[in-house]
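Open the model in your viewer and keep the selection panel at hand. This tour goes stop by stop.

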Amino acid sequence: MLCLTNLRKPGLNPLLVSRLAQCLASRGFASQPEVDSSSSPTVKLLINGDFVESKSSNWVNVLNPATQQVVSRLPLTTSAEFNAAVQAAKEAFPAWRDTPVSTRARVMLKFQALIREHWDELARSVTTEQGKTFADAKGDVFRGLEVVEAACGIAPMMMGEMVENVAGGIDCYSIRQPLGVVAGICPFNFPAMVPLWMFPLATAAGNTFVLKPSEKDPGAAMMLADLAQQAGMPKGVLNVVHGTHDVVNMILDHPDIKAISFVGSDKAGRYIYARGCANGKRVQSNLGAKNHAVIMPDADVDSTVKALTGAAFGAAGQRCMAISAAVFVGGIQRWKQPLLEHARSLKVNAGIEADADVGPLISVEAQQRCERLVHSAIDQGAHCLLDGRGVKVPGYERGNFVGPTILSGVKPHMECYQEEIFGPVLSCLEVDSLDEALSIVNGNEHGNGTAIFTRSGAAARRFQHEVEVGMVGINVPIPVPLPFFSFTGWRGSFAGDLHMYGRAGVSFYTQPKTVTAKWQHEDAALCAAPTPSSGNSAAQSNGRIPGLDRVGS
C-alpha cells in the first residue's frame, strides 16, 4: 500500500499534497493504515488570502464512503481563528466594495476558466469524499459553474431605477449596494455546486465572504477557494472556516456578519433561520424536501420510467430535488415491470469506477437510517418490490451502499413517506385522479420540486397552476432552474424571503438605497462660458465654478 507520508517533506505545498492524497485515495490507495489517521493530510483554513494550519486541538476525519479510508483530517476552527477570518473579511470589504463592478466581473471570468481547466480534478475530489459517481460529480461542478458564469454578468442585475422630476427640479433614484460580510453554510451532498451558488454571486456584488463547507467533504470547496485566489480575488474577500455546530453558532452570532445562506436539513435550517434572524441577520435557508412525480395514464412509458429511475436513484438519492415519491394516477400495474427492469439494470459501485450508476451513501449512519426506514415501510404494510438493503460491492465491502429500492402500496401516514429518506428509495403511491394526486402533493409539508408526466397539455397546465410547489417539471423529472432564474422552494422547503441565485440571489446579497436629489436650476447658468462683458467668472468667485466643484473638476 502506498503511504503518503513520504510526500510530506519540507518545501512541498501542503494543499497540493492534500489534492494528490485525494486523487490517490479515489484510486484505492490509503493515505495511511485506517487505524492511524494522525499523519493524514490536514484541511487548511483560508484566512486573509493565506491557507493556514489550524491550531485547534479538535479534529475530525474525512472518510471515503466507499472504503472508510481517511482522506484527510479537518479542524474544528477555534474562536480566535474564526474571528480572524471575519475580521479579514471586514477589513477587505471597503476596498472590494469600491472596486468597479467590471473588475469584479473579470475576476469571475478568470475563475470560471480555471474551474473548467480543473474540472476533472474537482470532480475526483467530490467522488472521493462524497461518493457520487464521477459523471454525477462532474455535473455537480458544472451546475455550480453555471452560477459563476451568471456572476460574470452581474451588472444588469444590480441596476437601480430612476424617476426624473418627482417634484419641481427634484429627481429620485435607487441604487443597490453590497451588505458587507456575509456567510455560507454548506451541505455534504453537493460539495462543489452549493459553495458556487453562494460566494461567486455574493463577492461579484461587492460583499466579502466567510464560507463553511461541510465537514464531511471539504476538499472541493478548498480547491475552489484556491482557484478563486488564482483568479485574482484579493486577500480577505473569501475566507474558509471548518467545523460543526459550534462554528455554525459563531456564524449566527457574530455581529459583523450581515447575511447567511444555508442549504441542508429541516432541523438545522429552521434553527439557523430562527437564531440568525433573532440576531438581526438576513437569512435564506433551503430546507428538506419530499418531491413527487405525478404519472398520468397517458404518459410515455419508456421515457417516463427512465426519468423516474434517474431522478430517484441518481446520486444515491442524496439530493434535495430527488424524486422520492411517485404518484401513479390509475394505478401502478402497467408501470411496475418496466420500472423494475430499469432499476435492476443500475450498477451499484464505488463512484470512481467507470461502470458505477449508484454510489455509496455519505456515512454509515445515513446507510443505517435509510435501511431502517425501508424496514419501517414494510412493517407498516408497504410492499418491497426491489430491496437494496445489505448490498455488498466486491472490493468495496466496507462501503455505505444501499441499492435501488422500490416500495409500493405506500400511504401518506407511513414513516417512509413522512420522512425525507435521502437515499435511493422510491415510494410509490396510487390514486384514481389528478385531483387526488394534487391533494397528496399539496398535503405534504414540503414544496421544493415536483413533476408531472403526461401527453395532455390541459392536465399539465392545471397541475402547474394548482400545485403548491416552487419548482415544477413537465415531463422533466428534476426541474432545477438555470441561474438566470432562481432556486424557488416553497412552504416547508424554504425559510426566508429571497431565494438563491438569479435576481433574487443578487437582491439577497445587496440592499437598496434611494436618493432624492435637487440641483438648483440657476447653477447651470453660473457654469456657462464667460463672455467678454462678464469677465472671468472663475476669478470673480475665487476660482470656484459653482456646480462643477461639487463633483470634481
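Which residue's side chain does D435 meet in a salt bridge? Select R462: its side chain and that of D435 meet at 2.2 Å, N to O. This is a predicted model, so treat the distance as computed. D435 belongs to helix 14 (residues 434-443) and R462 to helix 15 (residues 457-466), so the pair ties together parts that are 27 residues apart in sequence. D435 is partly exposed, at 45% relative accessibility. R462 is also partly exposed, with a relative accessible area of 32%.

**Next stop: helix 10**

Select residues 301-313, which make up helix 10. Show the side chains of K306 and D302. They form a salt bridge, 3.3 Å from N to O. An α-helix has 3.6 residues a turn, so residues three or four places apart point the same way. Both ends are partly exposed: K306 has a relative accessible area of 47%, and D302 has 41%.

**Next stop: a salt-bridge network**

Select K212, E215 and K216. Salt bridges link these three residues in a network. Zoom in on K216 and E215. Their closest N and O atoms are 3.8 Å apart. K216 is partly exposed at 34% relative accessible area. E215 counts as partly exposed too, at 22% relative accessibility. For context, the whole structure holds 20 salt bridges.

**Next stop: helix 8**

Select residues 245-253. This is helix 8, and its buried residues are V247, V248, N249, I251 and L252. What covers them? Colour the surroundings by element. The cover includes helix 2 (79-97) and helix 9 (266-278). Strands contribute as well, including strand 7 (181-185), strand 8 (208-212) and strand 10 (257-263).

Switch to cartoon view. Three strands form an open sheet in the order 5-6-22, with antiparallel pairing. Which strands sit at the edges? Select strand 5 (161-167) and strand 22 (510-518): each pairs on one side only. From one strand to the next, the twist averages 25°. Strand 5 and strand 6 run antiparallel and are joined by 4 bridges. To end, pick M162 and look across to strand 6. Its bridge partner there is Y173.

Technical notes: Residues numbered from 1 in each chain as written. Predicted model: local features only at pLDDT ≥ 70, side-chain atom pairs only at ≥ 80, totals over all residues. Heavy atoms only, no water. Buried < 20%, exposed > 50% of the residue type's maximum accessible area, 1.4 Å probe, protein only. Helix = DSSP H or I, 4+ residues; strand = E, 2+ residues; numbered from the N terminus. Contact = heavy atoms within 4.5 Å. Salt bridge = Lys/Arg side-chain N within 4 Å of Asp/Glu carboxyl O. Pairing = 2+ DSSP bridges. Axes fitted to C-alpha atoms, helices over the stretch in contact; angles between N-to-C directions.
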